[in-house]
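This report walks through one model, section by section. Keep the sequence and the structure open while reading.

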Amino acid sequence: MFDVKVRNAVPPAGDRREEALIRVSGLRKSYDGASMILDGVNLAVSPGERVALIGSNGCGKSTLLKCLIGLHDISGGTVRTLGETFDRAPNAGQRASLRQKTGFVFQKHCLVRRRTVLSNVVHGLLGGKGSWRGFSHATALPEWRQRARDALSEVSLADKAMSRAEALSGGQQQRVAIARALVRRPQLLIADEPAASLDPVSGRKVMDLFVRLCRQHGITLVFTSHDMDHTAEFATRVVALKRGGVLFDKPAGAVQSADLEATFDGVA
Ligand SMILES: Nc1ncnc2c1ncn2[C@@H]1O[C@H](COP(=O)(O)OP(=O)(O)OP(=O)(O)O)[C@@H](O)[C@H]1O
Ligand SMILES: [Mg+2]
């Protein structure tokens with residue numbers, strides 16, 4: 001039986017991957033100041049890797065993704081992402097830099113339903129800062145519109161540019177969300193269960209698309225998934241979280257069924 005006490009037995013992040021794009025050391029995160037959701041996570045991600053975070057519901061995967069990019073304050077340890085180092089929360093300049101260099105795709109794609117697909121993608125260029133009031137693709141700079149159209153072509157949705165987002169299927173909307181994340185030409189793509197709301201065929205297509213675009217543009221991908229076929233096929237590395245720490249951190253091809261049994265034994 002796999003002994004979960006070996007959590008964090010992976011070498012500390014500082015021991016490897018000197019040029020890591022993400023380096024997390026002793027990360028702790030509590031929402032209420034009492035219970036630690038993350039309690040000493042060490043992780044290093046090199047450029048070009050595709051890292052899958054796995055673990056039971058509630059183990060802290062989404063929390064970790066948000067801590068990596070400064071969307072949540074952290075309670076202890078340090079995070080360095082894309083050259084920005086912070087130990088509680090990134091400052092305003094770091095936040096802006098991270099927003100600029102990172103793309104996010106979440107399970108709920110968070111498109112503005114009544115706006116056009118093109119407007120949704122152009123809005124991605126504002127890096128989450130822009131208000132929607134008075135905004136549309138028509139008011140955007142021509143070069144921004146072109147970049148958005150290029151991003152839509154990459155996800156094979158150029159013909160839907162002028163459709164309202166709400167008129168697209170779930171799989172198509174997720175592809176729009178990917179285009180919106182890519183339009184900023186990020187170095188890092190963070191995706192929280194990007195295929196979870198999709199049927200098996202659409203989910204596989206979305207994951208295929210991620211991998212193709214990440215390879216093509218040299219983007220590093222960190223994603224969460226409950227689909228172990230996806231993690232085996234689309235990730236280069238799998239990191240399992242349990243009891244607030246890293247249970248294992250392995251090349252995707254080295255993950256054994258015993259590892260998964262230990263990860264999903266009913267304890268988050
Ligand atoms: N904003 C928040 N405020 C307070 N507690 C939170 C918040 N977000 C998450 N939590 C708690 O933190 C724990 C980890 O949640 P998180 O969403 O990170 O888990 P997860 O591994 O992503 O789970 P799932 O597989 O269900 O998506 C849970 O107990 C959750 O209730
Ligand atoms: Mg989650």
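## Ground rules

Two strands pair if DSSP finds at least two bridges between them. Helices (H or I, at least four residues) and strands (E, at least two) are DSSP runs, numbered from the N terminus.

This is a predicted model: local features need pLDDT of at least 70, side-chain atom pairs count only at pLDDT 80 or more, and totals for chains, interfaces and linings use all residues. Residues are numbered from 1 along each chain as its sequence is written, while chains are lettered from A and ligands numbered from 1 in the order in which they are written.

## A parallel pair

Strand 6 and strand 7 run parallel and share five bridges. Buried here means 20 or more other C-beta atoms within 10 Å of the residue's own; exposed means 12 or fewer, and partly exposed lies in between, with C-beta atoms placed from the backbone.

An open sheet of four strands has the order 2-1-4-5, and its pairing is antiparallel. Strand 2 (36-45) and strand 5 (84-86) are the edge strands, each pairing on one side only. From one strand to the next, the twist averages 15 degrees. Angles run from 0 to 180 degrees between N-to-C directions, using axes fitted as lines to C-alpha atoms, for helices over the stretch in contact.

Strand 1 (residues 22-30) and strand 4 (residues 76-81) are antiparallel and joined by five bridges. R28 has G76 of strand 4 as its bridge partner. Helix 1 lies across strand 1, strand 2 and strand 4, at about 120 degrees to strand 1. Contact means C-beta atoms, placed from the backbone, within 7 Å.

## Around ligand 1

Which residues surround ligand 1? They are Y31, I37, G55, N57, G58, C59, G60, K61, S62 and T63. Each has its C-beta atom, placed from the backbone, within 6 Å of the ligand. Helix 1 (residues 61-68) gives the most to this shell, with three residues.

By type, the shell holds three nonpolar residues, six polar and one charged.

Most residues other than glycine have a negative phi. E193 is not a glycine, yet its phi is positive, about 45 degrees. E193 sits in the loop between strand 7 (188-192) and helix 6 (200-217). E193 counts as buried because it has 22 C-beta neighbours inside 10 Å.

R243, also not a glycine, has a positive phi of about 50 degrees. Its place is the loop between strand 9 (237-242) and strand 10 (245-251). With 17 C-beta neighbours inside 10 Å, R243 counts as partly exposed.

Methods: Ala, Val, Leu, Ile, Met, Phe, Trp, Tyr, Cys and Pro count as nonpolar, Asp, Glu, Lys and Arg as charged, and the others, Gly among them, as polar. Two residues are in contact if their C-beta atoms, placed from the backbone, lie within 7 Å.
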